[in-house]
Amino acid sequence: MACSKYEYVKLFEQNITLLPNTWLVVRVDGHSFHRFTSEHDFAKPNDIRSLQLMNYAAQRCMQEMQDIVLAYGQSDEFSFVFRRSTNLYKRREAKITSTLCSLFTSNFIFHWKRFFADLELKYPPSFDARAVCYPTDQNLRDYMSWRQADCHINNLYNTAFWSLVQDTSNPRTEREAQAILKDTDSAAKNELLFTQYGINYNKLPEIFRKGSTLFRRLSEVAASTRDGTSEVKRTKNLVVVEHGDIIGDKFWQENPQILSI
Ligand code: DGT
Ligand code: MG
Ligand code: MG
Ligand code: MG
Ligand code: MG
């Protein structure tokens, strides 16, 4: 194609290429979800519908982008890990983050009704995204541990906070609840939940306490033969969702395929 006199403007484009041979982590986070969750009356501190919708949207992203080997979600955020050898969009940062962020957002909206059957979206939610490169497996594991520890700390605080505020016999204002919890450690929050509200924190659903981890695992699935006359077992690399601990070694030892690619 003939060059036009305008084409020189391309020289102004700046492309950031993410470092080769590093784990690429893209974290997508809901924009102003403090407002979004309050305008849509989300249950406090956790709305299971929202967590399931987030997981569903993330699963769709993983089906679309095969180079994502692992994803971790909690609250209004999801972290996606691309295999270190990925050459997706020649590792151009803007292409990767903007495509994934947009894909996640459109799935969140497209599948909204599946999880919020009786609730209309009041306005279109949006998400932001950033990319970080982690050079070693340990750096990547520390990143994942950081997000899961964040989930735990916030969830314990929020569970105690909303128990105080929503206490029917002695409701506290948000300011009072904040003052009561100020300077309490985890043991004191656990104790408060148990003695005042009969809540055994460790018995609350794991999805609230530990978040959601999505990864690929070879799984046997039933399929019918081409002529439809009989059932056969096929192995497929399915995206599975778990809510267990990813800070300790057990998860990584049981799923060595995640870091080996
Ligand atoms: P940002 O990310 O800087 O645009 O601002 P926010 O408001 O999204 O803040 P962020 O991401 O630090 O915190 C997430 C907010 O979303 C926080 O206000 C709690 C809220 N949120 C997330 N999940 C739930 C939920 O399941 N239920 C309720 N009620 N709120 C939730
Ligand atoms: Mg944010
Ligand atoms: Mg947010
Ligand atoms: Mg957030
Ligand atoms: Mg184009």
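These legends walk through several close-up views of one predicted model.

Residues are numbered from 1 along each chain as its sequence is written, and chains are lettered from A and ligands numbered from 1 in the order in which they are written. In this predicted model, local features need pLDDT of at least 70 and side-chain atom pairs count only at pLDDT 80 or more, while totals for chains, interfaces and linings use all residues.

**View 1. The whole protein, to get your bearings.** There are nine helices and six strands here; helices (H or I, at least four residues) and strands (E, at least two) are DSSP runs, numbered from the N terminus. Along the principal axes, the C-alpha atoms fill a box of roughly 75 × 60 × 40 Å.

**View 2. The six-stranded sheet.** Follow the strands of this open, antiparallel sheet in the order β4-β1-β3-β2-β5-β6; two strands pair if DSSP finds at least two bridges between them. β4 (127–134) and β6 (231–242) are the edge strands, each with a single partner, so one side of each has no neighbour in the sheet. From one strand to the next, the twist averages 25 degrees. Look along β5 (residues 212–224) and you will find 12 bridges to β6, with phenylalanine 215 partnered by valine 240 in β6.

**View 3. Helices against the sheet.** Helix α2 (residues 48–64) lies across β2 (68–74), β3 (77–82), β5 and β6, at about 165 degrees to β2. Helix α3 (residues 93–110) touches β1, β3 and β4, and its direction makes about 135 degrees with that of β4. Axes are lines fitted to C-alpha atoms, for helices over the stretch in contact, and angles run from 0 to 180 degrees between N-to-C directions. Contact means C-beta atoms, placed from the backbone, within 7 Å.

**View 4. The largest nonpolar core.** This core has 33 residues, of which Ala71, Phe80, Val81, Leu100 and Phe104 touch the most other members. A nonpolar core is a set of buried Ala, Val, Leu, Ile, Met, Phe, Trp, Tyr and Cys residues joined through C-beta atoms within 7 Å, and buried means that 20 or more other C-beta atoms lie within 10 Å of a residue's own. Helix α2 gives the most to this core, with six residues. Leucine 100 has Val26, Phe80 and Ala129 among its contacts, not counting residues up to four places away in sequence.

**View 5. Around ligand 1.** The shell holds 16 residues, the closest being Phe33, His34, Thr37, Phe42 and Asp47; near means a C-beta atom, placed from the backbone, within 6 Å. Helix α1 supplies the largest share, three residues.

Terms used
Two residues are in contact if their C-beta atoms, placed from the backbone, lie within 7 Å. A residue is buried if 20 or more other C-beta atoms lie within 10 Å of its own, exposed if 12 or fewer, and partly exposed in between; C-beta atoms are placed from the backbone.
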